[in-house]
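Subject: Structure handover

Hello,

Here is the structure I said I would pass on.

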Amino acid sequence: MRVLFILSQRPELTGSGITVDALVRQAIAAGHEPWVLCGVPAGERAPEVGGLPPGRVTTVRFGDGGDLPFAVPGMSDVMPYASTVWSTMTADQLSIYRDIWKQAICTTAARCRPDLVHGNHLWLVSSLLPEALPGVPALAHCHGTGLRQMALCPQLREQILPGLRRLRGFAVLHDDHAQQIAAILGAARSDIHVVGAGYRDELFHLSADTDADARRDHLAYVGKFAAAKGLPWLLDACEACWAAGEPLTLHVIGDGAGAEAEALRRRMQDLAPRVMIHGRLGQADLADRLRRCAALVLPSFYEGLPLVLAEARACGCRLVSTALPGVVKQLAPAFGPALDLVEPPRLSGPDTPESADLPGFTRRLARAVAAAAVAPLLPPTTGELAPFTWAAVFARVEQAWQAAARPPRG
């Protein structure tokens, strides 16, 4: 099939972008013809996605001199680059956003004549697909952040629900998302496909010369510089460990933009060399760094299905993660004793912790971090990682495509 992937934000710097890149590569290997339409800052070249030639990656450009005069709206309110927050957008901004994306969808579809459209995020652009391309089957890939934006922007949610309800199908990360979509959209369970998330097994693996002793006491955090990711309390937990005489080093991989990110950056710089900031890393460099760490810590308050846990596990890391629904239901059964679940604080809203719960959360996190840093190396098994390869994920996505491409019932 000719498949048009649509991603309304930058493809190279987010988990959903990594997913699109991987699915494009798998689609090419399976004999499909993928195209990509994505959002990028004005002045930048079209990004490389999945090894596609430049002519098959088209863009909507944001910022001065672009198609839209503001920064790319991010599906999270804190992004690793300059972005617009959905809840701050005016009616005029939303109107021109809709018009430009609808025009771009129609123009790109006229070029590639897709048999199917694979939208990403259960949000505004995906809601435009049935109206923009009424004769083309379309599904939306839910990465979790669209559901969070529905809670943060209830007025916009009501505007986009009718369009989302007209989609042919949904690809979701785990059963909890499937249940939410069925409840919110009234979608038939047969139209919702749990596809999971994956990792590139050709990059993320345990090296033959792994030195378990050299990894000891080295921890990794991979993600945005944001409170919603739990980073401030991971730093608190590390400081508690240091006060207790634990010789931990925290390797922070990622970036952030805005005042919150800059405050976290300054704090981490003040904690050097016990905290080392590596910035954004490509997939190969990330794999190399993970192979040098005893554990990966994910203290986040909200995630879809964090593929970095599978990436780190493939590199031999132990895992410490908040007990999020997708982690508990999809990853914990596979990773068993390699994954230590930490009870998160109660939340007010989608990802804001209750302040009264934070001291207890920090103590639980500190205990888990200290234990993981010194635990014996636990190499991954083929069986525990098999469901999380991109080949396995794509096989499930392909089934969702086939279901969406069938003529509608009735």
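Helix H3 passes helix H5 in a left-handed crossing. Please keep in mind throughout that this is a predicted model.

**H3 and H5**

H3 covers residues 124-132 and H5 covers residues 154-165; their axes lie 7 Å apart and the helices pack at an angle of about 40°. An angle of that value makes H3 oblique to H5. On the H3 side, the residues in contact are Leu-124, Ser-126, Ser-127 and Pro-130, and they meet Leu-156, Ile-160, Gly-163 and Leu-164 of H5. Sorted by class, this contact has five nonpolar and three polar residues, with no charged ones.

**H1 and what surrounds it**

Helix H1 runs over residues 15-29. From the first C-alpha to the last, its 15 residues reach 21 Å, close to the 21 Å expected at 1.5 Å a residue. Its buried residues are Ser-16, Gly-17, Thr-19, Val-20, Asp-21, Ala-22, Leu-23, Val-24 and Ala-27.

H1 and H15 cross at roughly 80°, and their axes come within 10 Å. The two helices are therefore roughly perpendicular to each other. H1 contributes Ile-18, Thr-19, Ala-22, Leu-23, Gln-26 and Ala-27 to the contact, while H15 contributes Trp-390, Ala-391, Val-393, Phe-394, Val-397 and Trp-401. Ten of the residues in this contact of H1 with H15 are nonpolar and two are polar; none is charged. Thr-19, Ala-22, Leu-23 and Ala-27 are among the buried residues of H1, and these four also take part in the contact with H15.

Just after H1 comes Gly-31, with a positive phi of about 95°.

**H8 and H9**

The axes of H8 (residues 231-243) and H9 cross at roughly 15° and come within 11 Å. That makes H8 roughly parallel to H9. The crossing is left-handed. Leu-231, Pro-232, Leu-235, Asp-236 and Glu-239 of H8 meet Leu-264, Arg-267 and Met-268 of H9. By class, the H8 contact with H9 holds five nonpolar residues, three charged residues and no polar ones.

**Val-252**

Val-252 sits in strand E9 (residues 249-253). Is Val-252 buried or exposed? Its relative accessibility is 0%, and Val-252 therefore counts as buried. Leaving out residues up to four places away in sequence, Val-252 touches Tyr-221, Phe-225, Met-268, Val-275, Met-276, Ile-277, His-278 and Gly-279. Pro-387 is 135 residues from Val-252 in sequence, and their C-alpha atoms are 27 Å apart.

**Backbone points to check**

Most residues other than glycine have a negative phi, and most peptide bonds are trans. These are the places that depart from that:

- Ala-272 and Pro-273 are joined by a cis peptide bond, with omega about 5°. Pro-273 is in the loop between H9 (259-270) and strand E10 (275-279).
- Arg-113 has a positive phi, near 45°. The residue lies in the loop between helix H2 (91-112) and E4. Arg-113 counts as exposed because its relative accessibility is 53%, with the cut-off for exposed set at over 50%.
- Asp-217 also has a positive phi, near 75°. Its place is in the loop between helix H7 (212-215) and strand E8 (218-222). Asp-217 counts as buried because its relative accessibility is 13%, and buried means under 20%.

**Asp-288**

Asp-288 is in helix H10 (residues 283-290). With 31% relative accessibility, Asp-288 counts as partly exposed. Asp-211 is 77 residues away along the chain, and 13 Å separates the C-alpha atoms of the pair.

Regards

How values were computed:
Residues numbered from 1 in each chain as written. Predicted model: local features only at pLDDT ≥ 70, side-chain atom pairs only at ≥ 80, totals over all residues. Heavy atoms only, no water. Axes fitted to C-alpha atoms, helices over the stretch in contact; angles between N-to-C directions. Parallel < 35°, antiparallel > 145°, perpendicular 65-115°, else oblique. Left-handed = near helix turned anticlockwise from the far one by under 90°. Contact = heavy atoms within 4.5 Å. Nonpolar A, V, L, I, M, F, W, Y, C, P; charged D, E, K, R; others polar. Expected span 1.5 Å × (residues − 1). Buried < 20%, exposed > 50% of the residue type's maximum accessible area, 1.4 Å probe, protein only.
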